Amino acid sequence: MPRIAYVNGRYVPHAHAQVGIEDRGYQFADGVYDVVPIVKGTFIDEDWHWDRLERGLAELRIDQPVSRKALTMIARRIAKMNMIENGIVYVQVTRGEAPRDHKFPAKPVPPAMVVTGRHLKMPDDLAKPQMIDVITGPDQRWARPDIKSISLLPNVLAKQAAAEANAYETWLVNERNEVTEGSSANAWIVRRDPESGRVILKTHQSDQAILKGIVRTALVALAEKHQWSIDETPFTVDELMSADEAFQSSSGNMIRPVRSVNGSTIGSGETGPVTQEILNAFADHIASQCS
Ligand code: PLP
């Protein structure tokens with residue numbers, strides 16, 4: 001069955017889907033995107049993804065190409081036409097096509113929208129994912145990674161560095177030696193206070209320095225329900241190396257426990273008990289949305 005993509009109002013075979021060379025996304029990375037996970041045919045935490053996409057468009061002063069209702073229908077149709085049971089829908093919106101000039105087109109052009117779907121293999125048990133190895137590297141991104149911009153060159157280079165080090169992900173480190181997030185995931189550590197024995201989850205606060213991940217948002221909400229303590233402040237590389245557990249979160253890969261960082265084992269090198277509790281709660285969170 002051929003893959004189908006949505007491009008500016010038309011459903012076309014993926015292999016022949018095209019945008020013009022003067023699309024401002026192609027010329028300037030002048031656009032935003034989002035990725036909605038699909039599990040057992042269900043869009044997970046869908047509204048939060050559309051909220052983020054709309055916020056990014058507003059930040060960049062790009063008009064919404066279609067209403068949310070229409071976007072929901074297009075995304076559903078792409079999932080259906082591509083028979084996606086488990087996978088993702090990818091939505092990209094750019095400022096549109098206009099003669100190359102840095103400033104916004106004087107004569108407004110309609111924004112361009114592309115929607116594609118992709119099958120992903122999910123682990124049989126979402127609460128038992130494979131562990132990953134991580135490296136650290138400099139956070140070389142622009143000052144607004146809270147906007148899910150299609151300008152991903154530093155993320156591309158960081159992910160490539162991980163691949164070349166036989167690792168899965170690079171966690172990005174700022175000039176204060178703090179981990180901001182991964183190249184395509186939010187970064188978390190688990191620490192047990194040696195005196196009180198209290199368990200604390202640490203992840204960078206959702207300010208302009210990180211992308212406020214949707215899985216991160218779900219975990220913050222679950223924390224309240226399960227009475228986990230979350231400290232939304234940055235952790236340093238030293239704290240990471242001595243953490244009891246670490247994991248990352250993203251819509252494409254859900255929650256992935258970290259086995260090692262820069263070749264050094266984190267905690268026991270196995271999925272820790274707190275991460276397992278979080279995995280179980282997140283798997284329930286997904287299951288509760290799947291009919
Ligand atoms: N941080 C970055 C830089 C990302 O690219 C992503 C996902 O692509 C995330 C965090 C996780 O976001 P989400 O949970 O919405 O997938």
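Trainee: What percentage of the 291 residues in the chain do buried residues make up?
Mentor: Good place to start, and keep in mind that this is a predicted model. A residue is called buried when its relative accessible area is under 20%. Of the 291 residues in the chain, the buried share is 49%.

Trainee: How many helices and strands does the chain have?
Mentor: You can follow both kinds of element along the model above. The chain has both helices and strands, and the numbers are 7 helices and 16 strands.

Trainee: Why is the chain said to be as compact as a globular protein of that length?
Mentor: We set the radius of gyration beside a rule for globules. For 291 residues the globule rule gives 19 Å. The chain is close to that, so it counts as being as compact as a globular protein of that length, with a radius of gyration of 20 Å.

Trainee: Among contacts between residues at least 6 apart in sequence, what percentage join residues at least 24 apart?
Mentor: Here a contact means heavy atoms within 4.5 Å. We take the contacts between residues at least 6 apart in sequence, then ask which of them join residues at least 24 apart. That share is 72%.

Trainee: Which element gives the most to the largest nonpolar core?
Mentor: This core has 24 residues, and L201, L219, F247, I255, I278 and F282 touch the most other members. The elements that give two or more residues to it are β10 (186-192), α5 (214-226), β15 (254-261) and α7 (273-287). With 7 residues, the element that gives the most is α7.

Trainee: Which residues does I255 touch, leaving out those up to four places away in sequence?
Mentor: I255 is one of the residues that touch the most other members of that core. Leaving out residues up to four places away in sequence, the list for I255 is P129, V215, L219, F247, Q248, I278, L279 and F282.

Trainee: How far apart in space are R100 and E22, C-alpha to C-alpha?
Mentor: Look for R100 in the loop between β5 (87-94) and β6 (112-119). R100 touches E22, Q27 and F28, not counting residues up to four places away in sequence. R100 and E22 are 78 residues apart in sequence, but their distance in space, C-alpha to C-alpha, is 6.4 Å.

Trainee: Is K40 buried or exposed?
Mentor: K40 sits in the loop between β3 (31-39) and β4 (42-43). Its phi is near 50°, a positive value in a residue other than glycine. Exposed means a relative accessible area over 50%. K40 has 60%, so it is exposed.

Trainee: And D45, is that buried or exposed?
Mentor: D45 lies in the loop between β4 and α2 (46-60). Its phi is positive too, near 45°. The relative accessible area of D45 is 11%, so the word for it is buried.

Trainee: Which residues is M83 in contact with, leaving aside its neighbours within four places in sequence?
Mentor: M83 is in the loop between α3 (68-81) and β5. It is exposed, with a relative accessible area of 55%. Leaving aside those neighbours, the contacts of M83 are M1 and H119.

Definitions and conventions: Residues numbered from 1 in each chain as written. Predicted model: local features only at pLDDT ≥ 70, side-chain atom pairs only at ≥ 80, totals over all residues. Heavy atoms only, no water. Helix = DSSP H or I, 4+ residues; strand = E, 2+ residues; numbered from the N terminus. Rg over C-alpha atoms; globule rule 2.2 N^0.38 Å. Buried < 20%, exposed > 50% of the residue type's maximum accessible area, 1.4 Å probe, protein only. Core = buried A, V, L, I, M, F, W, Y, C linked by side-chain atoms within 4.5 Å.
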